[in-house]
Amino acid sequence: AMEDVSAKFVSQKISRTRWRPLPPAALQPPDLFATGSWDNEDNRISIWSVGDLGNTGLNGEYHGEPHLLCDIQHNGDVMDMQFLDQEKIVVASSTGTVTIFRHHQNNQTLSADHRWAKAHYHVDQDTSCGGAACTGVVCNNPEIVTVGEDGRINLFRADQKDAVRTIDNADSSTLHAVTFLRTTEILTVNSIGQLKIWDLRQQRNEPSQIFSLAGDRVPLHCVDRHPNQQHIVATGGQDGMLSIWDIRQGTMPVSLLNAHEAEMWEVHFHPSDPDHLFTCSEDGSLWHWDTSANVSEKPSFLHQGGRSTAYLSHSTMNQSVVSAWLSNDPTKDRMEITNLIPNQTLSVNSLDVLGPCLVYGTDAEAIYVNRQLFA
Amino acid sequence: DTVPPQVVPGADPSARQLCFAWGPAEVLVCETLFRRAGRSRSPCPSRSPCSSLFWGEGRAGAAARALTGSVAGTGDGAPSSSRVFVVRRDQDIYIHTLRKLFNESHGIFMGLQRSEEELAGKSRKAQLVQVSKNYRSVIRACMEDMHQAAVSTRDPALQGQYSTQVSILSAMELIWNLCEILFVEAATAGPLLLRLLDWVRLHVCDVDSMVREVLSSESPSKHKLFWNVVDVFVLQGRMDEARHLLSKEASANPASMNMYKILDDLMKKMPVPSLGNIQTLTELELKWQHWHEECQRYLQDGTFASNPHMESICKILLGDEDAILEKKELMTTWYHFLVTRLLYSHPTVKPMELRFYAQSSMDLFLGGESSPEPLDMILMAAFEFEMHQVIKECSIVLSHWWFVAHLTDLLDHCKLLQSHNLYFGSNMREFLLLEYASGLFSHHSLWQLGVDYFDHCPEYGRVYLELHIERIPLSTEQKALKVLRICEQRQMHEQVRSICKIMAMKALRNNRLGSALSWSIRAKDAAFATLISDRFLKDYCEKGCFSDLDLIDNLGPSMLLSDRLTFLGKYREFHRLYGEKRFAEAARLLLTLMTAHIAPCSFWMTLLTDALPLLEQKEVIFSAEQTYELMRCLEDLTAGNPDKQKFQDDDVETTKVEMLRLALARNLARVIVKEGTVEGS
């Protein structure tokens, strides 16, 4: 519900919001998130704490608004951002530079830990200009993969000074986003509607598989992989269309779902509850795609967990659980979709979900936190 | 909009002539080489060294590099005559904390435009009042932030700046609130007074600290400021609080208990207008008259003679102007005096009578000691219901357009400004919105907000948007996509083309042919697609292989955008077929490329050369008919080519032609034999 959402106007356009990952086996909800800004004369990386319940104001009232812990200047627009671990954040810049920032929790400061200057560039890396925007970053500690407007793919290790591997001219059009498929394989999406799989073990500088949208080759802007079923991939396009792909079969998406009216900037499966998916768009909306109604109609033994699931053969698992996202007729399978932001006008550039919490940021210079997503 | 000479540091208008170039949001100023003209006519500015100033620079970001402050100089330490100054307006737009005001009010503005008259009468009015309140709460929130910033900074200059902003914001809220009461809600006699009381209580906060101090002291009635606080409550019509305080004093003075009781009773019985229409105005006036007479009686029979404090309170209750004016320091402003006066003399004042009381209150209060300030004039104009005067004065005094633009828009939605048309532009609402939005567009980050304001200016909004949007620097593809989306949604085809062309050119410069092509496909720019296709073909001719296969192999329907692009796609298809050893299909496609005139003539030689290996295959691929056609193509090329000379001069070309003729003849021979055999069998 809307009343659970707390908002804060922050006087900078927000391009990325990310929850700090929780330590393993943590029970409490996330309490810290990072934001990055874009299109400011002075862009910043900021760390916020969600106003937690213990934090009461002078008059004993409850302060729900996010509270700034620390920030640091960032050169160029923040194009993408991801936590490497509990205290390090990898940031992709429009200047082509990739930086690891460290959040010092004892004295609440941020510092630049390591920097790969102009990891993405046009023509010549050493000239004073010519950096190409780094559009996407994904981490699997210690590995970091970045993609950019230069069509290049870089593989870094957090502990190594130079790139472990670079694929120049990997794509002739702009790469918009990247994510890990498996530990050695990555997925990229580009500006001519293609989804590509790259196997980093192979020395060949070519993708191992290419999927593409039929028809008009609408650019794809974001990609996410189902956390448990790695063959299910979701992408978002320039026309706002959500595409679900089954990378085991075919070269075209399994289903195309329409909700947004402009560019879909981010798509995220809920990391622990992947029946839920969240997307945000330039049109100022944020959709919650819920297929859990479908799941509840399944045989009840699926929910018991523990030993009983062990009796299920692998194929049964697939058939029943998968159908939620891979069905050709989503309406029949009762997918519920809800816009979480009515009446918003400016772009929602980024969102992140973790546990019961959602955080998103907009071009209207506001960040929003919803801590009761499933209430 | 004149620029005082001192805002251009380093430039000396008395020595040299200055030249200007006007942009929608900024002015470029520079000194020319021309001395200040004496008697001779000033020379044509187009010959001045700075004549090349133009407004395409924003995109390139060279000269129009944005700097905070009103003037930014470019050129480092060079003589002043070679400097270009960027003079900006709307300087306050750059104050960080105010961005909250701009962004949050944008949402309210959009809500108001959407709410268009679906409701009628009372509920519509309630809706508009709510919008007005929302705007005010944004001002208040911003004021609090600004106050926090002022308190927490250690830089005295910044502190001064923040404090100034706090008082500007507080004045804005004061004016807005009054406009809300008088114009938006249009409170009628009775409720009008209650609203004005609320207004005074909310905004006269100079005495708040005194009230707090007295109330929190151990024994308030012993405090030296005790009676001041009682007076403040009475002056603001806060009867319950005043009576509560008085009761404390009473219990401390049992001797004068009776006197307190009487005053308390008078204060309790004072008739006040009610918001619900339970009593009519006449009823109220009757009751009030009765109560007034009662007060008069007690005053005259000397009930309070022994206590000057209480006597003065009784006089205030009677609306005695001198008694009220004696408490000048406790009211601090003439408009507080006005409202107190109305409360105790004219509680059923009608909106249209306000102007008389307002004017006389101001005169009495200021007493010729000080002259009214701009804020006083604005409030006075509001009391006089001179809406246009309010807006005009505010436009002059305030340093950005936020306030007047939003207030005017709201008043326009209240249908209060319809009759007024300007002698320039369209109407006042639109004029002010255009000014405000132009200011936003001059800002590095806030330009996105400006778009929606232009959208709601029916007459000139579109033109303004077109002019401004072209000046947004396209630093990344992501930003270009956002600008593009704005243009596409509004069918601004010219701007869409221009953005895509800029991005395509950028990509081309960076040797990103694939990206360049997708930008021109997006703009449906056939000419540019042809240009890029030619680059691909040239690369192929030079290197013998294609770059960016992932793109060319996936052109899809966009291949049809330009003939050359079609050819590129099809030619690549030929190579693929050949590579897959589907020779017959490859041969057929190759021939079609020439006979259907898909291939440009300049490329025919390459295509014919590509036919060579097919002609030399062990198996016969081209049929007799196809071979004849190939021969005709070759002869057309050599005979019909205006550069015939070239072929004869160039040995390599001549050899090629000879080889082709030989290969074609041989193939013809083979195919005749083969076809003859097939037919014969």
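**Exercise 1. A cross-chain pair**

Which residue forms a salt bridge with B:Lys482, and how far apart are the closest N and O atoms?

*Solution.* The model is a predicted one. Step 1: the partner of B:Lys482 is A:Asp363. Step 2: the closest N and O atoms of this pair are 2.7 Å apart. Step 3: the cut-off for a salt bridge is 4 Å between a side-chain nitrogen of Lys or Arg and a carboxyl oxygen of Asp or Glu, so the pair qualifies. Step 4: across the interface of chain B and chain A, the rule finds 5 salt bridges.

**Exercise 2. Extent of the interface**

Describe the contact between chain B and chain A by residues, area and composition.

*Solution.* Step 1: count the residues. In chain B, 39 residues are in contact with 48 residues of chain A. Step 2: take the area. The two chains bury about 3,600 Å² between them, and 44% of it is on carbon and sulfur atoms. Within chain B, the residues that lose the most area to chain A are B:Lys482, B:Arg485 and B:Arg512, which together make up 18% of what that side buries. Step 3: count polar contacts. There are 32 residue pairs in polar contact between chain B and chain A, with both residues at pLDDT 80 or more. Step 4: assign the side of chain B that touches chain A to helices. At least two residues each come from helices H2 (98-114), H20 (447-455), H22 (477-489), H24 (513-522) and H26 (549-552) of chain B. The largest share, 7 residues, is supplied by H2(B). Step 5: sort by class. This side of chain B has 14 charged, 16 polar and 9 nonpolar residues.

**Exercise 3. Salt bridges within chain B**

Compare the placement of B:Arg243–B:Asp264 with the exposure of B:Arg582–B:Glu580.

*Solution.* Step 1: B:Arg243 and B:Asp264 form a salt bridge, the closest N and O atoms being 2.9 Å apart. This pair links distant parts of the chain, with B:Arg243 in helix H8 (residues 239-252) and B:Asp264 in helix H9 (residues 257-269), 21 residues apart. B:Asp264 is partly exposed at 25% relative accessibility. Step 2: B:Arg582 and B:Glu580 meet in a salt bridge at 2.7 Å, N to O. B:Arg582 is partly exposed at 36%, and B:Glu580 is partly exposed at 42%. Step 3: over all chains, the count comes to 56 salt bridges.

**Exercise 4. An enclosed helix**

*Solution.* Step 2: the buried residues include B:Phe226, B:Trp227, B:Phe233 and B:Leu235. The charged residue B:Asp231 is also buried. Step 3: after H7(B) comes B:Gly237, which has a positive phi, near 70 degrees.

Methods
Residues numbered from 1 in each chain as written. Chains lettered and ligands numbered in written order. Heavy atoms only, no water. Contact = heavy atoms within 4.5 Å. Buried area = accessible area lost by both parts, 1.4 Å probe. Polar contact = N/O pair within 3.5 Å; in protein donor to acceptor, adjacent residues only side chain to side chain. Helix = DSSP H or I, 4+ residues; strand = E, 2+ residues; numbered from the N terminus. Buried < 20%, exposed > 50% of the residue type's maximum accessible area, 1.4 Å probe, protein only.
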